[in-house]
Structures are given as structure tokens and as C-alpha cells.
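The chain and its coordinates follow.

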Amino acid sequence: MSGVNYTSLLLQLSSLLQGETDVIANMANMTSLIYHNLPQLNWVGFYIRHGDELVLGPFQGKPACVRLKRGRGVCWAAIEKNQTLIVPDVHAFEGHIACDSTSQSEIVIPVLSNGKIWGVLDVDSPIRARFDKTDQSFLERTVQIFQNACHLK
Ligand code: SME
């Protein structure tokens, strides 16, 4: 998206997370940095995998569903596919879980620990088809920085 300095944001994230291994603090700062610097977002947050459930982690935006059970929704679909998932129109995605009714499009990036899916970064927008390949590569870089900074278990 024009007007966004992705390189500067990645440097800011690296310096925020540098030398800090506290996972909650790093998730909190990362969601805040993304939420306040990428335009047209209404929700940015982490869900952490506990077996067959995803449990809400630090986020920015309105209060959200706490537990997402396996088998439904965009977050679990990204986990099953083991890759980033862009949904241009959440209303056209069967099983989408609407935590905030203003959400129109969504991108979910898996977070890995030792090759296994530890959780996801979920980003929502009130604009249809808000997310493109540039957002995908930027957000995947943020997740890599996060994975490298934290000692996830
Ligand atoms: N839409 C997600 C649920 C999480 S909220 O968007 C914050 C899903 O379908 O898995």
C-alpha cells in the first residue's frame, strides 16, 4: 500500500523485539506497531494454539472470540493449509468466525516453533480485498522477526 514505509516498520519491530524474549510483551508491541501503522485495519492479534483450540493472545481492536475450535474459521484454515491465507471477502468464506462485524477481509499468517504451528497472526480490515502480496510479504517478515526474537515453546 502506498505511503507505508515497510522497511522502516521492520526496523522498528526488530529494535522493539531485540534482546527481549518475553513472548507476551513481544506480541503486545508487535500488534500495536502493525495496528497503528498499516492503514485500514480494525483488528490485529495473535491466537495461540493449545491442541485443538486457538486461544486469544495480545491484540489491538475490539474484544474478540477467546477460543476458536479446530475445523472452522479462517485461522484454522491457514493452519490446515500450513500457509498464509488471504480472504478478500470474509462473507464468502464458509465458516468464517465474525468477532467484529465490521471486518470485510482478513489475512492470517502461521507462527512456527521448531517447524510446528505455534499460533497465528490474524489481521482484519473493514475494507474488502484490503490485503495483497505486499501485505503478505511484510506480515510474514514481521512473523519471522517475532519467531527469531522469542523462544517459543
Ligand atoms: N475471523 C477469524 C476469527 C478471529 S477474529 O477475526 C478476531 C476466523 O474466522 O478464524
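A crossing of two helices is left-handed if the near helix is turned anticlockwise from the far one by less than a right angle, and right-handed if clockwise. The model is predicted, so local features need pLDDT of at least 70, side-chain atom pairs count only at pLDDT 80 or more, and totals for chains, interfaces and linings use all residues. Residues are numbered from 1 along each chain as its sequence is written, and side-chain values use heavy atoms, without hydrogens and water.

By this convention, H2 and H4 cross in the right-handed sense. The contact (heavy atoms within 4.5 Å) involves Val-23, Asn-26, Met-27, Met-30 and Ile-34 of H2, and Leu-139, Thr-142, Val-143, Phe-146 and Ala-149 of H4.

The whole structure contains one disulfide, a term that here requires two cysteine sulfur atoms within 2.5 Å. Cys-65 and Cys-99 form the bond, with an S to S distance of 2.3 Å. The torsion about their S-S bond is about -125°, so the disulfide is left-handed.

| Residue | Relative accessible area | Class |
|---|---|---|
| Cys-65 | 23% | partly exposed |
| Cys-99 | 31% | partly exposed |
| Cys-75 | 4% | buried |
| Cys-150 | 4% | buried |

Cys-150 is in no disulfide, and the nearest cysteine sulfur, that of Cys-75, is 19 Å away. For Cys-75, the closest cysteine sulfur is in Cys-99 at 7.9 Å, too far for a bond.

How values were computed:
Helix = DSSP H or I, 4+ residues; strand = E, 2+ residues; numbered from the N terminus. Buried < 20%, exposed > 50% of the residue type's maximum accessible area, 1.4 Å probe, protein only.
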